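I kept this notebook while going through the structure, one look-up at a time. Have the model open beside you and follow along.

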Amino acid sequence: MPDYQGYRSRRTFGSLDGLRCISILAVIWHHSRGGLQIGRIGERGFLGVDMFFVLSGFLIVTLLLRERDRNGLISLKAFYARRTLRIMPLYYGVVLLSAALFLGLRPEGQTAQSMREGLPFLLTYTTNWVEVDNLLDITWSLSAEEQFYLLWPPVQKYAGHPLLILFGLLLLSQLIHFGVLDEQMAALGFGPDEPTMLRETTFTPILLGVLLAHLLHSPEGFRRVSSLLGNPVTPAVLGLLLLLGLQLMPEDIKGWPRLTIHLLMMALLASTVVREDHVLAPFLKWRPVVRIGVLSYGMYLLHMFVVHFTDALGERGLPTTLLFPLAVLGTVAIAEISYRYYETPFLKLKKRFAR
């Protein structure tokens, strides 16, 4: 059986970068013209974002809970400093450079107009509440994560019963997702499908990650989860169930199908962190896979520019089967350069705020 003390003493989880790798490749597949017909599963690469959310909720809150145990408190100042140094330099670099290019090259074009309209929301991490019609529309997910980073750590620090708040938010997310609060949303000025994030993804996967962090932090919770998911073969079984569900679920996954996917993602993550020696570990810890996981944040921010370029090549006759591999290779190359020469100096500063 997995060992609780071993889990608590582990400073890193070896499979997380592997899961990030799978998630970012799924997202790039979704946005590129892959050219392969592999059924409904090939149409659902967008769910890689949902897996990123589960990972973020779990990892951030696990770190906060362990900090509290070590130091007796959670330093919000240090937390926000670390998050700022990790996220904002690349994010604002991409946003501002894109704005300069779009507005400078063709100031009267449609893309420039879209950038003018979307820039206030891009700069304030609020693109998950409005539609941004340009290559940076993918930042809706980063906006959702930033809002989570802003709001949940104070809850974690100051709330006497954070799990009660967590369950309340989970319930609210699902009431919106299942359409129970459509009248109330309409009264707030939102259309039937607005805002898209709350109608489809919701904050549920992030919150499930938070729930998993609390469960595994508790000795009793760890015992229960590991007794259920601690077999070394479980990650492979859950991975197959997830793939099977993606293939067999109806075209519209709103409601129970998407909630089921989120729960399977939560269980898959749990099965890969309660023990390091599971059956998928050799693949998830394979060096190229890990490297893509390390670069996944930069890849997410930059991949649409590469996909736009590869799509142009496709329109000029390049076989569509080559577009996805080229998009991945190009995105990895640009993200690697960004990570080494732009992001790393900021990441080194994070050590000053280690807790």
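**Entry 1: salt bridges**

Which residues are linked with R8 in a network of salt bridges? I found R68 and D69 joined with R8 there. Do keep in mind that this is a predicted model.

R68 has a relative accessible area of 35%, so I noted R68 as partly exposed. D69 comes out at 40%, so D69 is partly exposed too.

My search of the whole structure returned 14 salt bridges. A reminder to myself: side chains of opposite charge can pair when their charged atoms come close.

Next I picked D182 and R199, whose side chains meet in a salt bridge at 2.7 Å, N to O. This pair links distant parts of the chain, with D182 in helix α8 (residues 182-187) and R199 in helix α9 (residues 196-199), 17 residues apart. Is R199 buried or exposed? R199 is buried, since its relative accessible area is 3%. D182 reaches 37% and therefore counts as partly exposed.

I also noted E276 and K285, which form a salt bridge of 3.0 Å, N to O. K285 is partly exposed because its relative accessibility is 34%.

**Entry 2: helix α5**

I checked the length of α5, residues 110-123. At 1.5 Å a residue its 14 residues should span 20 Å, and I found the end C-alpha atoms 20 Å apart, so the two agree.

Where does α5 bend? I put the bend at E117, by about 45°, and saw that a proline, P120, follows within four residues.

I then listed the buried residues of α5: A112, S114, M115, G118, L119 and L122. An α-helix has 3.6 residues a turn, so residues three or four places apart point the same way. I looked for what covers the buried residues of α5 and found that the cover includes α4 (76-105).

Y125, which follows α5, has a positive phi near 55°. I placed Y125 in the loop between α5 and α6 (140-158). With a relative accessible area of 5%, Y125 is buried because buried means under 20%.

T202 is not a glycine either, yet I read a positive phi of about 65° there. T202 sits in the loop between α9 and α10 (204-217), and T202 counts as buried because its relative accessibility is 0%.

Which peptide bond did I note as cis? The bond from E194 to P195 is cis, with omega near -15°. P195 belongs to the loop between α8 and α9.

I found L169 in helix α7 (residues 162-177). L169 counts as partly exposed because its relative accessibility is 35%. Setting aside neighbours within four places in sequence, I saw L169 in contact with W152 and L207. I also took the C-alpha to C-alpha distance from L169 to F203, which is 8.2 Å across 34 residues of sequence.

Last, I looked at the surface and found a nonpolar patch formed by V233, V237, L241, L244, L248 and V279. Together they have about 530 Å² of accessible area. One of them, L248, is in helix α12 (residues 234-248), and L248 counts as exposed because its relative accessibility is 60%.

Notes
Residues are numbered from 1 along each chain as its sequence is written. This is a predicted model: local features need pLDDT of at least 70, side-chain atom pairs count only at pLDDT 80 or more; totals for chains, interfaces and linings use all residues. Side-chain values use heavy atoms; hydrogens and water are left out. Helices (H or I, at least four residues) and strands (E, at least two) are DSSP runs, numbered from the N terminus. The expected span of a helix is 1.5 Å times one less than its number of residues. The bend at a residue is the angle between axes fitted to the seven residues ending there and the seven starting there. Buried means under 20% relative accessible area, exposed over 50%, partly exposed in between (1.4 Å probe, protein chains only). Contact means heavy atoms within 4.5 Å. Patches are made of residues with over 30% relative accessible area and no salt bridge: like charges are joined within 9 Å, nonpolar side chains (Val, Leu, Ile, Met, Phe, Trp, Tyr) within 5 Å. Accessible areas come from the Shrake-Rupley method with a 1.4 Å probe; for residues, only the protein chains shown count as cover. A salt bridge is a side-chain nitrogen of Lys or Arg within 4 Å of a carboxyl oxygen of Asp or Glu.
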